[in-house]
Amino acid sequence: MSYYSNRSADNFTTSPRELSTFSCPFLSDTTTVKGVKIFCYSLVLLIAVIGNSLLIGVIKRNKKMKTITNYLIANMAVSDILSTLAAVPRQITYIMLEPQRWLFTEMFGSVLCKSISFFQDVSTAVSIFSILAIALDRYRGIVFPLRETNTKPTKSCKIIIPLIWIVPVGLHAVYFYIFHLKTSDNKVYCVIDWGSKFDAKRSVEIYYIILVTFEIYIPLCLVTWLYSAIVMNLKRSAIGKHRGPSSCRTSRRIREDRKVVNNIIAIVIAFMVSSIPINVIGILYYFVWDWNMPCGVENFGFAAHFIFYSNPSMNPCIYFALNDKYRHGLVKMFKTMVFFRKVENNDSKTSEKETLNRKTWSSTFV
């Protein structure tokens, strides 16, 4: 995230006159290393955009998949695409030039600096809140299966999804105040500056704690508790599934619930694993290293960023690998596309033949 990942790793101070001060000299990578890093990020960008787009397409085309859980998965896919498009080109720019360098100046550059930072972190938070909303929906559907609601999934999602976006927008609205363009040695940088009204160091640290608490720690603790309760409920249901006349139907429902839960748990674990390194760096940078990143940890910083920004590309791979419904939907979508191409080709060939026949007949009567 642009606040508590780029900010912690790039090691700039918030004071304009100290803009280019590092705890150790900035050492640019060799051309080969830069090329490898850019290739890796480009691959992440490609997989994330194409994979999540396919995921949205499968959900949109399949009527049976239009449930609350799948709508939330589609919402997470949209946020993953947005966060990737905002973060990855920015990281590539940092690799090519230097940390926090900005390619645009004046009003247009300032608007981009604020808006890209804003949408990058808002979309990341939306993914986390979507995971929490999916956990709540699965908890309601599995632990309390008899509490059916008459509300259609589309109507429920018209309320849930806007709320998922509104909360992060409120938490990150301050970005339009704190992100600024600063110039040093005729180079433009997009940095955080709380201004003279606030204590720069204290403000950054407090806001960092607020963000990670409300956007990572609390949601992930709730998700862990919810899925623990779901797993325990599924185990109890599996023990008593052979009791009663409807044991076959109950067994099938338990299998389906278990597949969905395993899928989402894999997504949660992937997010936890990808977010741990970058948050460790953030905590060390602000509260242990006292805003001075030691020399020699640059590669660890790159690895932490890369793992974190790779998460949106992992999610569609997990869905297609673990869920047969998504795989079948993807195959069906490709078959439909191939079928329409064949129909279009046949139509074009038929029209060409008809045109040729008309010309032949007209030439015979001339």
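Modeller: Leu171 is partly exposed, at a relative accessible area of 22%. Keep in mind that this is a predicted model.

Biologist: Why is Leu171 partly exposed rather than buried?

Modeller: Buried means under 20% relative accessible area, and exposed means over 50%. Leu171 has 22%, so it is partly exposed.

Biologist: Where does Leu171 sit, and which residues does it touch?

Modeller: Leu171 belongs to helix H5, residues 153-172. Setting aside residues up to four places away in sequence, it touches Tyr207, Leu211, Phe214 and Glu215. The C-alpha atom of Leu171 is 9.6 Å from that of Ala125, 46 residues apart along the chain.

Biologist: What span does helix H2 reach, and what is expected?

Modeller: Compare the span with 1.5 Å a residue. H2 covers residues 31-61, 31 residues in total. From first C-alpha to last it reaches 44 Å, close to the expected 45 Å.

Biologist: Which H2 residues are buried?

Modeller: Among them are Lys34, Lys37, Tyr41, Val44, Leu55 and Ile59. Ile50, also in H2, is partly exposed because its relative accessibility is 46%.

Biologist: How many residues does the largest nonpolar core have?

Modeller: It has 77 residues. Ile73, Tyr227, Ile230, Tyr319 and Tyr326 have the most contacts inside it. Helix H4, residues 106-143, gives the largest share, 16 residues.

Biologist: What is Ile73 in contact with?

Modeller: Beyond its neighbours within four places in sequence, Ile73 contacts Leu55, Ile59, Ile134, Ile264, Tyr319 and Tyr326. Leu55 and Ile59 are buried residues of H2.

How values were computed
Residues numbered from 1 in each chain as written. Predicted model: local features only at pLDDT ≥ 70, side-chain atom pairs only at ≥ 80, totals over all residues. Heavy atoms only, no water. Helix = DSSP H or I, 4+ residues; strand = E, 2+ residues; numbered from the N terminus. Buried < 20%, exposed > 50% of the residue type's maximum accessible area, 1.4 Å probe, protein only. Contact = heavy atoms within 4.5 Å. Expected span 1.5 Å × (residues − 1). Core = buried A, V, L, I, M, F, W, Y, C linked by side-chain atoms within 4.5 Å.
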